[in-house]
Amino acid sequence: MNLTQLANPRILDQPIYTPGKPIEKVAEQFGLAAHEIVKLASNENPWGASPHALEKAKGALDQVHLYPDGSGTFLLERLASKFSLSNEHFILGNGSNEIIELLGHVFIGENDEIIFGEHAFAVYKLVTLLMGGQPVSAHMPNLTHDLTLIKESINSKTKIVFLPSPNNPTGTTNTKDEIYSFIDTIPEHVILCLDEAYSEYLDDPPDIRPFIQSGKKVIGLRTFSKIHGLAGLRIGYGYGSKEMISLLQKARQPFNANSIAQAAAIAALEDEDWVLQCRRRNENGLRQVEQGLQNLDLEYVPSQANFILVNLGNGKKAFEALQRKGVITRAMPGELAKYLRLSIGTEIENEKVLSALEEIVPLLDHP
Ligand SMILES: *Cc1c(COP(=O)(O)O)cnc(C)c1O
């Protein structure tokens, strides 16, 4: 009997998430200097974290020999006051991805059906399969979640609907009214997980707190990885009813949110100016990139977030050609294979990616 035969059979079929290559590896491979590389691959904040958050992160190093506050009290208090909820409405995660996994542990059983859009964020499917659930994919006309189609996919086996708004990788959103009336009509046996990883980029994001307070089975996910610029520290949170959160707490490892991340996240939450500035800069960057793509006659999916899908005919080929020029982007799988996802960078980074695109486009068989 070999080791693989001892593995849980489910794990053998489990797809693997393939992350992009680190900057240093790309530099080495193509004979470039690491500082010449532009990485616009993972929707990080190109302006980085709030300087206050960095200061607090550095300060927290002095206590790094101690375990973190296992209940994350101070960060929970800040979240509670910011949201006008209480600590018991929040759970911290090692990135909000961990909260998706906790939802899986707590709610997904064999053959439960989990619904999300066909081009939704990839992690919902990975977690569903890992837990033995059945992924149900809903068609996304115009690459946008269609809540009517999702509603039609709900049956007695449905357990969770994942709805990312804005969605990654399409950058598309649903309106507040669509989301609210969806929550209003969702059946009693179904949980809605609204993934708000990019909601800080919206001027007027939906507010699910009234639904949480009125007992709807809805949970919101937020992260410090995107606009807050703390992706490397791995911290995010979920918020929902006290009952929802206390169930998720049972599946959580005791010290999942590290002390440096907790300290930085508190300061990042308080620095609302930084968040606002980054939102405005991203709006300008998005306009700059859209204008540049129009000048190059490239079709793109209008985005509400800090990234954009560009139709280059063959995303993988474009990815490789750009990487040779020191620009790291993200090619898309499956039916999105003609697209490349570009994160919005600083003005200079955006200029670089646009001029690299201008050089490679003639080499591609783009439409
Ligand atoms: C980036 C992202 C997340 C969060 O990632 P973490 O770094 O684990 O917090 C969650 N949902 C979507 C749609 C994302 O794009």
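Student: How far apart are the centres of domain 1 and domain 2?
Tutor: The centres, taken over C-alpha atoms, are separated by 24 Å. This is a predicted model, where local features need pLDDT of at least 70 and side-chain atom pairs count only at pLDDT 80 or more, while totals for chains, interfaces and linings use all residues. Residues are numbered from 1 along each chain as its sequence is written, and side-chain values use heavy atoms, with hydrogens and water left out.

Student: Which residues belong to each domain?
Tutor: Domain 1 is 3-36 + 273-361, and domain 2 is 51-270. The bounds come from an automatic or database domain assignment.

Student: How many residues are in contact between the two?
Tutor: On the domain 1 side 25 residues, and on the domain 2 side 26. Contact means heavy atoms within 4.5 Å.

Student: And what area is buried there?
Tutor: About 2200 Å², with carbon and sulfur atoms giving 62% of that. Buried area is the accessible area (1.4 Å probe) that two parts lose on being put together, summed over both.

Student: How many salt bridges cross that interface?
Tutor: The rule finds 3 between domain 1 and domain 2. It asks for a side-chain nitrogen of Lys or Arg within 4 Å of a carboxyl oxygen of Asp or Glu. Glu-110 and Arg-10 form a salt bridge, with their closest N and O atoms 2.6 Å apart.

Student: Which elements supply the domain 1 side?
Tutor: Helix 2 (9-12), helix 13 (272-295), strand 10 (307-311) and strand 13 (339-343) each give at least two residues. Helices (H or I, at least four residues) and strands (E, at least two) are DSSP runs, numbered from the N terminus. Helix 13 has the largest share, 7 residues.

Student: New topic. How many salt bridges are there in the whole structure?
Tutor: A search finds 15.

Student: Last one: how many helices and strands does the protein have?
Tutor: There are 15 helices and 13 strands. Along its principal axes, the C-alpha trace spans about 55 × 55 × 50 Å.
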